[in-house]
Amino acid sequence: NYIVSCARDWTAMVWETHSGICKSILSGHQGTVYHVSYCGGILATCSLDDTARLWKFPTDQITPQTSVLNKTRDCNQLPASSNDMSGKGNQNKQPLPSSHEEGDKQQSLQSYFKTIGGPQCKDGHTGAIYCCEFSPNGEKLITASRDRTLKIWNSQTGECLSTLKGHLGLVLHCDYSPCGEYVVSASDDKTAKIWLIRKAKKICSLKGHTDKVYSCRYSPDGNYITTTSCDKTCRVWSTESQKKICSLKGHTLSVFDCDFSSDGRQISTASDDKTVRTWDWRNQSETAVFKGHSATVWSTNYSHDDKYLVTASMNHDVILWDVRMTKELHTMKGHTAPVHRAIFATPNYIVSCARDWTAMVWETHSGICKSILSGHQGTVYHVSYCGGILATCSLDDTARLWKFPTDQITPQTSVLNKTRDCNQLPASSNDMSGKGNQNKQPLRSEHYGLGCSIWEL
């Protein structure tokens, strides 16, 4: 009486055989659901997210109002922080439908020119990539991953130059020193670590936080590091002595991100308490509280002249703030899922990335979405910019590089021009169809058409 199907929209569906009516939808996987099997009242599904799941199948209870499938257990359940990085468990694991499906005025882009890592890369990460940062000269890219490692890549060739091992938990964040010789990393093992790049060697561990360390940043002069944690604090450390200088306390819940102002005098922090705060860290004093988000604030970033902050939130919004006035200038709406990060790529453009598998480019002064980057196969956790190139990293275990000719951005023109993908997958390994790469973009509706587009200015 029942048929079950599974698809790239991250779901499986149960259909009534004689009528063809969809009776229920299984959502929960974090990627394409490749296969489904049934035996004795239990369904099994398996996915691109590296898990198989088991579901009860009480067929005698199926009605349009009753879910066919009650999840009994996930045989590879991750702790909340490693799965959705929110610390709140599985609130939003399904891929959300895009608001741009009809009447799209922005371009949905298939325009990355290089993929770093992935199934065909023998040196690639084996888990989600949570952070990516360019070296100061843009020649290297560092990635931090769920697989507990950091990797240094040649951003021109995509070659993995070294792997940094030492964390005992997920590596959630990383940052290059201004001189380019060192990297700092943050992990849910409650530590941050400093690494010497040329020797791929750990220099020291910064210990003191009592919970997961979510972010880390070098000061502009390289003399200090700031870290934030689920212990509700932001700490500042000396890179010379490798000792804590101060602890900034004021947030009432986990602190997820931090950023130094360009003069190094101020630090901004983003928190689960729905606020962003700025600090005169040398005096250990809070200078302002920014309230406007209605949910967890995931990231904070100063503009190049320190006049503005851009913040990203679980409520799907990106907000631009006037720092001096502590005033919200405008809210950028367009993402259809929690936004993990927003940065000033240039003074005129902001780039954000989210759980809807996309990154978006916004005009700073107007808050208008100028273009959409699509192509990743899962949540896009982080974005970094250097010298006309954007890097994004994702739950799909890859980082991607994109050209960013900002002087040519218009609502009708693609920001990013695809030149080549250095990690092109054979047809069978990517879509299992044997028909080539017909559908690499993340699909969020069964009504999307198939196809891959190449864009040229």
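## Nonpolar cores

The largest nonpolar core holds 14 residues. A nonpolar core here is a set of buried Ala, Val, Leu, Ile, Met, Phe, Trp, Tyr and Cys residues joined through side-chain atoms within 4.5 Å. Buried means under 20% relative accessible area, exposed over 50%, and partly exposed in between, with a 1.4 Å probe and protein chains only. Val 310, Val 318, Met 332, Ala 342, Ile 350 and Trp 362 have the most contacts inside this core. Strands E27 (308-313), E28 (318-322), E30 (339-346), E31 (349-354), E32 (358-363) and E33 (369-374) each give two or more residues to this core. E30 supplies the largest share, 3 residues. Strands (E, at least two residues) and helices (H or I, at least four) are DSSP runs, numbered from the N terminus.

Val 318 touches Val 310, Thr 311, His 330, Thr 331, Met 332, Val 339, Ala 342 and Ser 352, leaving aside neighbours within four places in sequence. Contact means heavy atoms within 4.5 Å. A second, separate core has 13 residues, including Ile 343, Tyr 349, Cys 353 and Val 380.

## Model basis

This is a predicted model: local features need pLDDT of at least 70, side-chain atom pairs count only at pLDDT 80 or more, and totals for chains, interfaces and linings use all residues. Residues are numbered from 1 along each chain as its sequence is written, and side-chain values use heavy atoms, with hydrogens and water left out.

## Aromatic pairs

Rings of Phe, Tyr and Trp (its six-membered ring) pair if their centres lie within 6.5 Å; planes under 30 degrees apart count as stacked, over 60 as edge-to-face, the rest as tilted. Phe 256 and Trp 298 form a tilted pair, 4.5 Å centre to centre with 35° between the planes. Phe 256 lies in strand E22 (residues 255-260) and Trp 298 in strand E26 (residues 297-302), 42 residues apart. Both are buried. Ring pairs also link Tyr 214, Phe 256 and Trp 298 into a cluster.

Phe 260 and Trp 281 are edge-to-face, because their ring centres are 6.4 Å apart and their planes stand at 85°. Phe 260 is in strand E22; Trp 281 is in the loop between E24 (275-280) and E25 (285-291), 21 residues apart. Phe 260 and Trp 281 are buried.

Three strands form an open, antiparallel sheet in the order E1-E2-E3. Two strands pair if DSSP finds at least two bridges between them. E1 (2-6) and E3 (22-27) are edge strands with a single partner each, so one side of each lacks a neighbour in the sheet. E1 and E2 (residues 11-16) are joined by 5 bridges. Cys 6 stands opposite Ala 12 in E2.
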